[in-house]
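Here are my notes on the model you sent. Please keep the structure open while you read them.

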Amino acid sequence: MKKVISICLILFAGVAEVAAQNDSIYIEAKLSPDKKTLSVNQELVYYNHSEKDLKTIKLLSWVSAYKKRGTSLVYRKLEDRNNDLHFAKQDQLGNLLSLNIKSGDQELLPTNKTSDENLFIPLASPLQPGESIQLQLQYQIQLPDSKFTDYGISDKNVALKYFFI
């Protein structure tokens with residue numbers, strides 16, 4: 001009986017340890033009166049689940065896929081014989097207008113352009129396996145017209161799937 005209880009306690013402790021290391025995100029977003037711009041304050045806790053030290057963190061800026069010609073999204077739409085996004089006006093496209101990232105008091109700058117879909121954030125010191133880092137993000141995004149993918153803004157709705165970093 002003691003062996004069964006010991007095994008259960010060990011299994012429970014292992015599950016509790018793994019469950020405690022989940023990435024978490026807190027988002028506060030405000031939509032502008034014209035419903036075209038979204039101001040976001042976001043807190044992100046990122047755990048290194050790999051077995052290697054991480055020197056950079058990769059974040060996805062999906063709204064940047066709507067910013068210009070030549071993105072994977074535009075090519076995918078062209079493959080479907082839909083050229084609306086390719087010939088869209090600038091005010092119909094999505095865009096990351098501003099981005100500030102901090103970890104504590106230290107400001108972190110992406111190594112690439114903020115217009116890219118993937119943002120690579122260099123860390124001041126490597127993130128060891130099992131450790132976490134808390135990031136504070138403040139950014140503004142211009143929401144795209146929803147006629148391209150059904151996500152974005154329309155006359156009646158605002159659909160925000162995937163637009164947060």
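**Notes on the predicted model**

1. Lys-30 and Glu-28 form a salt bridge, and their closest N and O atoms are 3.9 Å apart. This is a predicted model. The pair counts because a salt bridge needs a side-chain nitrogen of Lys or Arg within 4 Å of a carboxyl oxygen of Asp or Glu. By this rule, the count comes to one salt bridge.

2. Are the two partners buried or exposed? Lys-30 is exposed, with a relative accessible area of 54%. Glu-28 is partly exposed, at 31%.

3. Now the fold. The protein chain has two helices and nine strands. From the N terminus, the order is α-β-β-β-α-β-β-β-β-β-β.

4. Next, the contacts along the chain. Take those with a separation of 6 or more: 67% of them join residues 24 or more positions apart.

5. The largest nonpolar core has 24 residues, and Leu-59 and Leu-137 have the most contacts inside it. Strands S2 (37-47), S3 (54-60), S4 (95-103), S6 (118-127) and S7 (132-142) each give two or more residues to this core. S7 gives the largest share, five residues.

6. Look closely at Leu-137. Which residues does Leu-137 contact, leaving aside neighbours within four places in sequence? Among them are Val-40, Leu-44, Leu-59, Leu-99, Ile-101 and Ile-165. Asn-41, Gln-42 and Asn-100 are also in contact with Leu-137.

7. Last, the surface. Of the 165 residues in the protein chain, 33% count as buried. The accessible surface comes to about 10,800 Å², and carbon and sulfur atoms hold 53% of it.

Note on methods
Residues numbered from 1 in each chain as written. Predicted model: local features only at pLDDT ≥ 70, side-chain atom pairs only at ≥ 80, totals over all residues. Heavy atoms only, no water. Helix = DSSP H or I, 4+ residues; strand = E, 2+ residues; numbered from the N terminus. Buried < 20%, exposed > 50% of the residue type's maximum accessible area, 1.4 Å probe, protein only. Contact = heavy atoms within 4.5 Å. Areas by Shrake-Rupley, 256 points an atom, 1.4 Å probe, with all protein chains shown as cover. Core = buried A, V, L, I, M, F, W, Y, C linked by side-chain atoms within 4.5 Å.
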